[in-house]
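Let's take a friendly walk through a protein structure, one part at a time. Have the view ready and follow along.

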Amino acid sequence: MLDAVMDNIPPPAVTGSHTRLDSYVDRYAARTAGMTASEIRALFAVASRPEVVSLAGGMPNISGLPLDVVGAAIGDLIATNGPVALQYGSGQGDPKLRDQICDVMRLEGIEAHPDDVVVTIGSQQAVDLVTRIFCDPGDVVLCEAPSYVGALGVFKSFQCDVVHIGMDAHGLVPEALDQAIRAVKRAGKTIKFLYTIPNFHNPAGVTLAPERRPEILRICRDHDILVLEDNPYGLLGFDREPIRALRADEAEGVIYLGSFSKTFSPGMRVGWALAPHAVREKLVLAQESATLCPPSFSQMAVSAYLSAHDWQGQIKQMREMYRERRDAMMQALEDFMPAACAWNKPEGGFFVWVSLPPGIDAKAMLPRAVTARVAYVPGTAFFADGFGSGSMRLSFCYPTPERIREGVRRLAGVLESEMELRATFGATSPTHELDLRSGYNSPGTDLG
Amino acid sequence: MSSILVLAGGLSHERDVSLRSGRRVAEALRGTGLDVLERDVDASLLGMLRTEAPSCVVPMLHGETGEDGAIREVLELLDVPYVGAPPASCRTAFDKPVAKAVAERAGILTPASVCLPAETFRELGAADVMAALVSRLGLPLMVKPAKSGSALGCSVVHTAEELPSAMVNAFAYGEVALLERFIDGLEVAVPVIDDGSGPRALPAVAIEPDGGVYDYTARYTAGSTEFSVPAPLSVELTEEVARVALLAHEALGLRDVSRSDLIVDAEGRVWFLEVNVAPGFTETSTVPLSIQAAGLDLGKVCASLVHAAVTRGRN
């Protein structure tokens, strides 16, 4: 066979051309401007190898899920209701699931009607739909500093201007929010909403203090600012009952986003938005425009799981598993990290935010870390404005406690080398200076 | 005939690029009717090589392990034919300062440079060493890791103040850095292939990135770089870049395929920057562009290289 294709290579018959290797390069929308290849993304390809301890990804650990129960529920779903599960459904989402979603939200003090729930493809799509119906290019979205990278990506794709608001160990700082709103308004810009993750923040790991919640809501009400409350981790608190949601105390001014990705299965891609009536109507129309309907099969599978299984007991097991991993990370950070580092102790969720010694640039250090077989996400990923290089997000959700300890040990070694190198060259990251100029600090700086 | 095995991935910083190169080469080979397997490099590879006994391995591994000769050394140990340069040549070519020295001895022009490990800066004091470097090489200058690809860790330094950060960035990818006088001019890539009938240079590809720097983003974001092939050079310069690429290929003892990265300056001088023993074959890489411009079929070219490797193995 080989010999059959073995024509000797003929002499080059050169034909001239100019190419950019993309025939559509001049036709893309302006919003694609930032969609480029990056060294950082490439390095994450290495993090997928088993030799690397990845403290980077936020992949839920579903090893404890009762696959037999899930399998039986799905089998039964297809046997008894297959023609519906495999057919298009309602743009708003399966009525039974929306009813069950209200039961889930009741755990956080929310009393809602299923008619006000829109099922989405993960809460990620809910962020997209909300932005789609509210934001024109140049509109301002207020976000915590730092904020969820997936939401920042959505805001960027709709050409919004993100204004970050400072956080501290108790979450979003009300005074900073008030000041930022006033500053944006003075600049003549339009604020469309505040995007906030009040519980077990991604990436900062902090939780908005109960006493601040009414204050945040009051400020937003006074300034007529809608709140987009993203709460994927709310049921994953380690040492406490679920925290009362912002939406529980403010129905008209808050859109609440929830997800089954962290409490059941990210592969199902089922999340939801709970919105005031008029907004909900637009979300349904936007959903129908985007996808016709959320996937019937996934919705009904989630519904069947919720009906067939003690899902609250399952979440309790997950909390214990994540708590063990959080504790392993806390101990490892304490044991190994250089003294000049600071971090918070998350009370739930998946993430720890680590502030690095002055001068260290987490983004520039990542190749060295990958060489040492450990990965993290540099803080810059969580800022829309390039800040955050003096910080990193570590996730403890997926690796075993032993791997977490080993990963932090490797990371500490990388940091020591980087500090030595930076000291040798006197090279400092500019971001720390920028942080001060910007008027907000990354949360780790005062979480020690 | 048993399968051809395309190796891609690995643990280098260029894993992602390697996976894309591997997929493209594997598909091209399949297009010629060959039976092709693709796999990563891991602890089960040797067992697989013994049980499956592929007729030839195509190492599309970029960066260390793939280009430093290590994986090829193992293939030699196991008597598995493979496409590409032998281990010792890879070691020489992958180490940029060494490759430059070999090229220079062969009469090839290469930018003035200094190669130093991080340890030297620690021992002697970075400020004094950097001042001496700037004094000797002038500005602007290029700072690169001595061993890396895809422009990872590379920076153009325009002022002395930019040098410390550039050094740290380069040392993030390895313990030795190469500082090179910056040559302003047209960047060209010249592939050399040899199907057994002798090495020949393919058309030079001129590279003009939008931002002026052919960095990782410019390399792997379709649309962000303008490629001209053949490069817009005079007949004499076209012949000269081909001569330099062939000379580098031969001086470094390379085999089957290589890609030399050169700069043609305003005076028409051709400067050698580096040579790649496992050049990229991604959708935005220059070697497939050159092959296409030469009127050749990518699959057939890859198959011819496999054939040459298999024939070499039989002998």
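In chain B, strand β1 (residues 4-7) pairs with β3(B) in the parallel sense, and four bridges link the two. To find one of these pairings, look for L5(B), whose bridge partner in β3(B) is V57(B). Keep in mind as you look that this is a predicted model.

These two strands belong to an open sheet of three strands in chain B, which has the order β2-β1-β3 and parallel pairing. Which strands stand at the edges? They are β2 (36-39) and β3 (56-59) of chain B; each has a single partner strand, so one side of each is left without a neighbour in the sheet. On average, neighbouring strands of this sheet are turned by 25 degrees against each other, direction ignored.

## A helix across the sheet

Now look for helix α1 (residues 15-30) of chain B. This helix lies across β1, β2 and β3 of chain B, and its direction makes an angle of about 170 degrees with β2(B).

## Chain B as a whole

Time to zoom out. The secondary structure of chain B comes to twelve helices and 13 strands. Along the principal axes, the C-alpha atoms of chain B fill a box of roughly 60 × 45 × 35 Å.

How does the radius of gyration of chain B agree with that of a compact globule? A compact globule of 315 residues would have a radius of gyration near 20 Å, and chain B has 19 Å, so the two agree. Of the 315 residues in chain B, 61% count as buried. Contacts also reach along the sequence: among those in chain B between residues at least 6 apart, 68% join residues at least 24 apart.

## Where chain A meets chain B

Next, turn to the place where the two chains touch. Here 40 residues of chain A are in contact with 54 residues of chain B. On the side of chain A that touches chain B, at least two residues each come from β1 (17-19), α1 (39-47), α11 (362-371) and α12 (401-425) of chain A. Sorted by class, this side of chain A has 22 nonpolar, ten polar and eight charged residues.

Strands pair between the chains, too: β1(A) and strand β11 (residues 225-229) of chain B run antiparallel and are joined by three bridges. What stands opposite S17(A) in β11(B)? The residue to look for is V229(B).

Terms used. Residues numbered from 1 in each chain as written. Chains lettered and ligands numbered in written order. Predicted model: local features only at pLDDT ≥ 70, side-chain atom pairs only at ≥ 80, totals over all residues. Rg over C-alpha atoms; globule rule 2.2 N^0.38 Å. Buried ≥ 20, exposed ≤ 12 C-beta atoms within 10 Å, placed from the backbone. Contact = placed C-beta atoms within 7 Å. Pairing = 2+ DSSP bridges. Axes fitted to C-alpha atoms, helices over the stretch in contact; angles between N-to-C directions. Nonpolar A, V, L, I, M, F, W, Y, C, P; charged D, E, K, R; others polar.
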